[in-house]
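Work through the exercises below with the sequence and the model side by side. Try each task before reading its solution.

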Amino acid sequence: MRSKLLRNAYESLLTMTAVLLCWGAALWLEGAARLHTDVLVLAVALSLTLSSTQRTASTRRRLAALVLLPVTAAGAQFLGRLLMHHYALGAAVYTAGISLCIWIRRYGPAATRAGTLMTLPFVALLVVPGPALPPTAESGLVSWCWSAVIGELACACVWLVQALGDRYGPWRPDPAPPAPSAPRRVSSPRPRPSTRMALQMALAVAAAFWLGRFLFDGHWPWAVLTVYVAASGNRGRRDVLRKGVERFAGASVGTLLATGVAAAGITGRASVAVMFAILAVALWLRPLSYAYWAAGMTTALSLLLGYFGQDAARLLPTRLTAIAVGAALSVAAAWWFLPVKGRTGGRTVNRRPVTRQDEPRGVTRS
């Protein structure tokens, strides 16, 4: 356990170094180009999620990321504007896009990696509080071209830090296992696991958008984000249930921590420093249990929204209820709508070998 904690600390140090480097570059860019503060949030979100997917990436995969991430980041910015002004249409486009990123896993490892990269800006869109910002701040949101620039910047910072860490650090990342050849598919009336996961995601996300807007108004991102976090790495019904419970438990603790920080009078730049410290601890403990990561991320998001003027104490019941609704929707979709059977010792899913394109990958497992 001690060795594992030391290794986790080293990996979290690399990630936070890349995050802070990207944040510092975006801070300079914000002042030079007179951008809005949300450009900093986008830089942190992209570099934080990108770090795990690029840790053992080949040169070819990194070049693909250099193309895909800026394009999808720019597209996500358009989608954010659409959600603000045409909510129903934006929700439909978001649901289709996030499901497509999962469905294309059926086409092999390359498609799986592309889908993973394409989901990062979708997740960042829920983290960057565009639709939840006060009306006076919405007009200054970062444009699509600057979103693409931040995507390039995140790639550069992550690769630089990881390359230096691999060259001079005490540990090297474990090499990625070679991709197995796809076995011949046995004819079956049931769709592939990747198709079932995509349909489950579409159903749960669509329901989260509808219930989130109906029940929580501008705070709907909490419900949608919870659905994605719990359902995207679907390794079976029990796995989704476990992550849903851990997400709610961690979010409850995180919300209480953020409320305590706000009650202590920590605001402004001090709250930003506390936010980065909490993220570092959450990254360190994340491999031990997802609940630690959920608690840390919820605390950081609460501090972030407090920085933008939201009252963390007043929104405590709303946040917890939205997270509970999102967890319930993801569990319901995984259990009763085209369920994916969990893996056993033989590593099979629905009587056929699990291939890399069907294995859940992405930010939620990092």
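Buried means under 20% relative accessible area, exposed over 50%, and partly exposed in between (1.4 Å probe, protein chains only). This is a predicted model: local features need pLDDT of at least 70, side-chain atom pairs count only at pLDDT 80 or more, and totals for chains, interfaces and linings use all residues. Residues are numbered from 1 along each chain as its sequence is written, and side-chain values use heavy atoms, with hydrogens and water left out.

**Exercise 1. Find the salt bridge partner of Glu11 and describe the pair.**

Step 1. Apply the criterion: a side-chain nitrogen of Lys or Arg within 4 Å of a carboxyl oxygen of Asp or Glu.
Step 2. Glu11 pairs with Arg7; their closest N and O atoms are 3.4 Å apart.
Step 3. Helices are DSSP runs (H or I, at least four residues), numbered from the N terminus. Glu11 and Arg7 sit four residues apart in helix H1, so about one helical turn separates them.
Step 4. Classify Arg7. Its relative accessibility is 21%, so Arg7 is partly exposed.
Step 5. Look further. Arg7, Glu11, Arg55 and Asp166 are linked in a network of salt bridges.

**Exercise 2. Which helix gives the most to the lining of the second largest pocket?**

Step 1. On a 1 Å grid over the protein atoms alone, a pocket is an open set of points where a 1.4 Å probe fits, with protein on both sides within 12 Å along at least five of seven lines; lining residues have an atom within 4 Å of a point.
Step 2. The lining has 37 residues; Val41, Val44, Met275, Leu279 and Leu304 lie nearest the centre.
Step 3. H12 gives the most, with nine residues.

Methods: Helix = DSSP H or I, 4+ residues; strand = E, 2+ residues; numbered from the N terminus.
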